Amino acid sequence: MGQNLHLRIKGENDAENRVLDSLNYRKQHGNYASITSEVDSLQNRLYKMGYIENELTHINRIDDSVFSAKFFLKKKYSTLYIYYDKSVVDSKVLASVSKKISDAYFILEFSKVENALNYINSKISEKGLPFSKLRLSNIEIKEASNVSANLVLESNEQKRIVNNIIIKGYDKFPRSYLKYYLKIKPKQTFNLNVIKNKTQQLNNLKFASEAKPPEVLFSKDSTSLYLYLKKVKSNAFDGFLGFGTNEDTNKLEFNGFINLNLTNNLNYGESFKLLYKSDENDQKTFETNLTLPYLFKSPIGMDLQLRIFKRDSSFTTVNQSAKLHYQINPQHKIYTGILSTQSNNLLNESTTLSILDYKTTYYSLAYQYIKSQINNPLFPVNTTMYFESDFGKRIQLEQPEKQSLLSMDGFKIFNLNLKNSVYFRVNSATLNSKTYFENELLRFGGINSIRGFEENSIYASLFGLINTEYRYQLNNAMYIHSITDVAYFENKISNIKEKLYGFGFGFGILTKSGLLKFNYANGKTENTQFKLSNSKIHLSLTANF
């Protein structure tokens, strides 16, 4: 059975009593050991406040339940002059904890000494000295209210480097990702905090994640780093079925696509994508993409693409591209490469001068930014941005013409709280040329651009669109959202400048197989001069395997 003991702490005078009472020490205790512990804790707090000469004169028992402790606080010192060795502590580190620094000493308030020394010691540890300790020696009272001390580093070890990196759980993890993606490699200065921050970036990869934080084994002559990883199901199958009423024939029409993504099946970090799409406009798209990261264990990777587009019996367009990319860090990537296009008129008797055979060759520069939010399985990516600029020429009947193509696509999720968020996407592109052919124009419309319109039904020389959604998470696996889309486009062949709007709603469900999404949207134009209004329902399922 614990007792109910009461502690009273007094000073030498009323001023000291006010200081002691302001510390809000605990007065009720269950036993005498708790009382002595509270008195010791209070004395340490007084030291940190600058009462470095304070004395505990006694702890007396007044009666069966009351104990009295008396302190003599003495003088309060406000500042501490700490003398240091510039070869041990960098002045740039000191600038983070003190505003008054000289070549010989720096000044701290007593209340900030402990936190400052912990910070300085952590920075020294980052230089490969994980067992270093800082302490103050030769503490002397100076004139007025100041105290001086020497800063001493205690460390009997040599500078630590990472000698071995051992992967547990996913033995075939591609090592190039350690060196170039995480930038962790042998003979690197050991810094556990930096390593932990870097390994968290593994969760941004589609094919691997961190099973638990890294661990370190120190021996006399080496430092071994253990990384605990697990392989993640990264292959994905995505498809949707769409249907709507043809306003001309008043018949129900269907459209859809298949998207297959194979990632890291060879434990190289490679990815292969295959897309086939057919929509109600009798348009067909076939596309393949191959990404090979860190070729020959170098920081350079390659992206190859083949895209074939056919519009009914009017024309076909074949796009091919080869790009080299460099991963600056897990969030930033740059590209450079070459793109070629060949388009053919399929009409036996040309009824229009706007569809012609041509070839183009572009040189490309691009930049990509991705920021993840790994704690949200419904929306694992918070921000993404992609810029691309292509410059080259088009050849038609052996007549060259300079052209350029600029494009941008990105989105941002603004998290209002745990359940509410706003999705904001911007997508735009412009083709700059003296003359234009219909079969080279930009194409947009549909579930991946402005919703409520038929897939690839809008041809433009310039377009810009904004997709917005207000999202509400019902739980960790389900959400509902609104749809508000706005677009503007120009078609210099038809001399059309038009604004488009899309409104609707949708929901998404995260299942064991993948993400199931449903969207309904109604598209409208600004006026009736160019009628594209339509209503669309889209159902899609992304399954991981």
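Helices (H or I, at least four residues) and strands (E, at least two) are DSSP runs, numbered from the N terminus. Keep in mind that this is a predicted model, with local features needing pLDDT of at least 70, side-chain atom pairs counting only at pLDDT 80 or more, and totals for chains, interfaces and linings using all residues. Residues are numbered from 1 along each chain as its sequence is written, and side-chain values use heavy atoms, leaving out hydrogens and water.

So who sits under that cover? In helix 1 (residues 14-22), the buried ones are Glu16, Asn17, Val19 and Leu20 (buried is under 20% relative accessible area, exposed over 50%, partly exposed in between, with a 1.4 Å probe and protein chains only). They lie on the same side of helix 1 because they span an arc of only 160° around the axis, taken from the directions from the helix axis to the C-beta atoms. Asp14 and Arg18, on the other side, are exposed.

Now the ends. At the start of helix 1, a side-chain oxygen of Asn13 comes to within 3.2 Å of the backbone nitrogen of Ala15. After the helix comes Asn24, with a positive phi near 50°.

Strand 25 supplies the largest share, four residues. Ile466 is found in strand 25, and its 35% relative accessibility makes it partly exposed.

Note on methods
Polar contact = N/O pair within 3.5 Å; in protein donor to acceptor, adjacent residues only side chain to side chain.
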